[in-house]
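Dear colleague,

I am passing on a structure that I would like you to read through with me. Please look it over first, and then compare it with the notes that follow.

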Amino acid sequence: MTAPGESAAGGTALSVRGLVKRFGAHEVLSGIDLDVPAGRVTCLIGPSGSGKSTLLRCMAFLEEAGAGTILVGGEPLGFAETPQGRRRLPPARIRAVRASIGMVFQQFNLWPHMTALGNVTEALRVVRRMGRAEAEAKGLAQLRKVGLEDRAGHYPAQLSGGQQQRVAIARSLALEPRIMLFDEPTSSLDPELTGEVLDVMRGLAADGMTMVVVSHEIGFAASVGEQVAFLDGGRILLHGSPRDVFGKPRHPRLERFLDTYLDRGAAMLA
Amino acid sequence: MTVDWGLLAEKLPDVLAASGVTVAVWAASAVLGVALGAAVAVARRFGPRPVDLALKLFVEVLRGSPFLVQLFLLYFGGPFIGLSLDPIPAGLLALTLYGSAYYSEIVRAGFAAVPAGHVEAAACLGFTRAQTVLRIQVPEMAVLVLPALVNMTVLLLKETAVLSVITVPELTLEISAIGSETYRFVEALTLLALFYWGLVEACGGLGRLAEARLSRFRFAGP
Ligand SMILES: Nc1ncnc2c1ncn2[C@@H]1O[C@H](COP(=O)(O)OP(=O)(O)OP(=O)(O)O)[C@@H](O)[C@H]1O
Ligand SMILES: [Mg+2]
């Protein structure tokens, strides 16, 4: 397989060092180190409760880690290490770093009171303070990219799950992020609708977008992922190219995990 | 029972003036009450914990006693702490505070009804908290809280009648006076009830219009 987006590749887009996250007494992430290469797809897999979503949410600064650092293009996200210790950055600084990150949720999280086009243009208008005409032109271009230009005037309630998720992807892309995070983007879709979303993601990967994808679609992880990280109990247990991670002999923990996902494309690895 | 239309016609200007006072005090206290209630709800949700607790007490106290008692305390007790108000400002203030306690609980429920993911999506796109409240949370909750807001506003209208006890020249005071003057109590009170009913219906109608307009996205089929 040829690496996608060869030209955009190079360097580390996001790096995680020593990340620890607790919910109360429960340590959910126990010292995560991970480098996300620019222009490549990184897939996070692992059993339920292993901390995949929590790690991704820390990268989007939706959760604040208790220790460790996240650098986005070299800039600290959320907290800075100073001689006086770890310090929370001011909100404007956090928003600035966050602006280069897009997030796509399992539940789409489209705003129900706005049309598809409204959802895509809202941040352009409110955050980027773009004029209506310019924002709408840009929004329509994004909707075209995900194949939904003809649904611009529809409300989320009038769209299928797959269409809603594609609008959500367009909404993130409108701000031209450098990194896209996906948390199980197809898990709440009917099986026949997952394909259209995965196709959009494959297209993005081919365009050289840096992506971190939490997915139970093992087939997608194995075919598009440049690197795969297998989380278990808040640690990265295995990490490398799909060939390294999925190749035999396999770690017994991974073997057991794959057994439960045979119908999600893991069969092709057998 | 015969209705003395001549008498009613003679009193019509007074009745109209009094109904103007009722509608004005009601509308002002509803608008100010919603604004104050929304501010209380926002402060409780986003402010530090002591602010939340202090405002919770404010809400509990105002919901924990009859409006009549609060009105008396403000009007007759106010001068002891240097707050001497004329009847109309006193009535307006009491009604606004009373309404704001209930309105704040409605808005609080509204915030809770907006899925956290919708707020997180805005945060990821770089919205400030104020932008998220104004552009996402308030419009999204509006359709959910509208029936409760209309309901409370109708209750507030009926509480304006209580202002007659501190001599606010509103409809109940005026029409009771006409009743005593003419011994036509039944006619007077029937007229009064009809008048309030008309206002309640108008308010409900406006609410339904607003709801239909706001909710077009919710029930739309694919
Ligand atoms: N807000 C929270 N408060 C308390 N505990 C939480 C919270 N969010 C997650 N957890 C716990 O953290 C652990 C890891 O959760 P996380 O959602 O990251 O797992 P996951 O790998 O994404 O699982 P899944 O595949 O089921 O989505 C779980 O035990 C979960 O119960
Ligand atoms: Mg998860």
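Between chain A and chain B there are 7 residue pairs in polar contact, both residues being at pLDDT 80 or more (a polar contact is a pair of N or O atoms within 3.5 Å; within protein, one must be able to donate a hydrogen and the other to accept it, and residues adjacent in sequence count only if both atoms are side-chain atoms). On the side of chain A that touches chain B, the residues divide into 15 nonpolar, 4 polar and 6 charged, where Ala, Val, Leu, Ile, Met, Phe, Trp, Tyr, Cys and Pro count as nonpolar, Asp, Glu, Lys and Arg as charged, and the others, Gly among them, as polar.

Please keep in mind that this is a predicted model, in which local features need pLDDT of at least 70, side-chain atom pairs count only at pLDDT 80 or more, and totals for chains, interfaces and linings use all residues. Residues are numbered from 1 along each chain as its sequence is written, chains are lettered from A and ligands numbered from 1 in the order in which they are written, and side-chain values use heavy atoms, leaving out hydrogens and water.

The rule also finds 2 salt bridges across this interface (a side-chain nitrogen of Lys or Arg within 4 Å of a carboxyl oxygen of Asp or Glu), and in one salt bridge the side chains of A:Glu122 and B:Arg135 meet at 2.6 Å, N to O.

Over all chains, the count of disulfides is 0 (cysteine sulfur atoms within 2.5 Å). For A:Cys43, the nearest cysteine sulfur, that of A:Cys58, is 19 Å away, while the sulfur of B:Cys124 is 12 Å from the closest one, in A:Cys58, too far for a bond.
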